[in-house]
Amino acid sequence: MVVMKLNAEQRRDKILDLLQSHPEPLSGNELAKIFEVTRQIIVQDIAILRASGKDIIATAQGYMIKKPFPVCTKQIAVCHDERDTQEELLTFVECGCKVIDVIVEHPLYGELRGMLMLSNSQDVDTFLNAVNRHKANLLSRLTNGVHIHTVEAINFDCISRAEKLLKEKGFLLE
């Protein structure tokens, strides 16, 4: 889908329409191709839309509108080394939880948060492949493995099941 040339305001309106109608995140590169502009122009457009109050979030997979729907949310504190990251994240998603973010408490900067938005095993694989490809450090490295995840699920049973498994694996902080 390629859109004809639009002025900046028209393009932002169309970006918003696309994000609202698309169930999955759209990358900056995808949006740039659709609107025949550079990725940097899309990044600027997203910043302007956010500044105007639009609830657009950036994930590793791309941009999306935060859609309100009834969910149960909880923050869960865990501790493990980097080798156990895949097992921890898969535990959440296999129990029906969406891993919204990761939070660490840094002694100098305070709370640092990274958006994850991981819903399934493919999202987990994509995230971990990106970590490896970019040779990135996980935020939990700053805190010797201690971190918090905000998770969402359709009910608290999913979250409780994940907590039980994380406790059995020795990851859950209580």
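Author: Happy to; we will take a pocket and then a helix that helps to line it. Keep in mind that this is a predicted model.

Reader: Let's start with the pocket. What is the volume of the second largest pocket?

Author: The general idea is friendly enough: rolling a probe the size of a water molecule over the atoms shows where empty space is left. Here, the second largest pocket has a volume of about 350 Å³. It is lined by 22 residues, and those closest to its centre are Leu 116, Phe 127, Val 131, Asn 137 and Leu 138.

Reader: Which elements give two or more residues to that lining?

Author: They are helix 4 (85–94), strand 5 (110–118), helix 5 (121–133) and strand 6 (146–153). Helix 5 gives the largest share, five residues. By class, the lining holds eleven nonpolar, nine polar and two charged residues.

Reader: Now helix 5. Which of its residues are buried, and which are exposed?

Author: In helix 5, the buried residues are Asp 123, Val 124, Phe 127, Leu 128, Ala 130 and Val 131. Down the helix axis they fall within an arc of 155 degrees, so they line one face of helix 5. Gln 122, Asn 132 and Arg 133 are exposed on the other side.

Notes: Residues are numbered from 1 along each chain as its sequence is written. This is a predicted model: local features need pLDDT of at least 70, side-chain atom pairs count only at pLDDT 80 or more; totals for chains, interfaces and linings use all residues. Side-chain values use heavy atoms; hydrogens and water are left out. On a 1 Å grid over the protein atoms alone, a cavity is a set of points where a 1.4 Å probe fits but cannot get out, and a pocket is an open set with protein on both sides within 12 Å along at least five of seven lines; lining residues have an atom within 4 Å of a point. Grid points are joined across faces, edges and corners, and a volume is the space filled by probe spheres set on the points. Helices (H or I, at least four residues) and strands (E, at least two) are DSSP runs, numbered from the N terminus. Ala, Val, Leu, Ile, Met, Phe, Trp, Tyr, Cys and Pro count as nonpolar, Asp, Glu, Lys and Arg as charged, and the others, Gly among them, as polar. Buried means under 20% relative accessible area, exposed over 50%, partly exposed in between (1.4 Å probe, protein chains only). The arc is that of the directions from the helix axis to the C-beta atoms.
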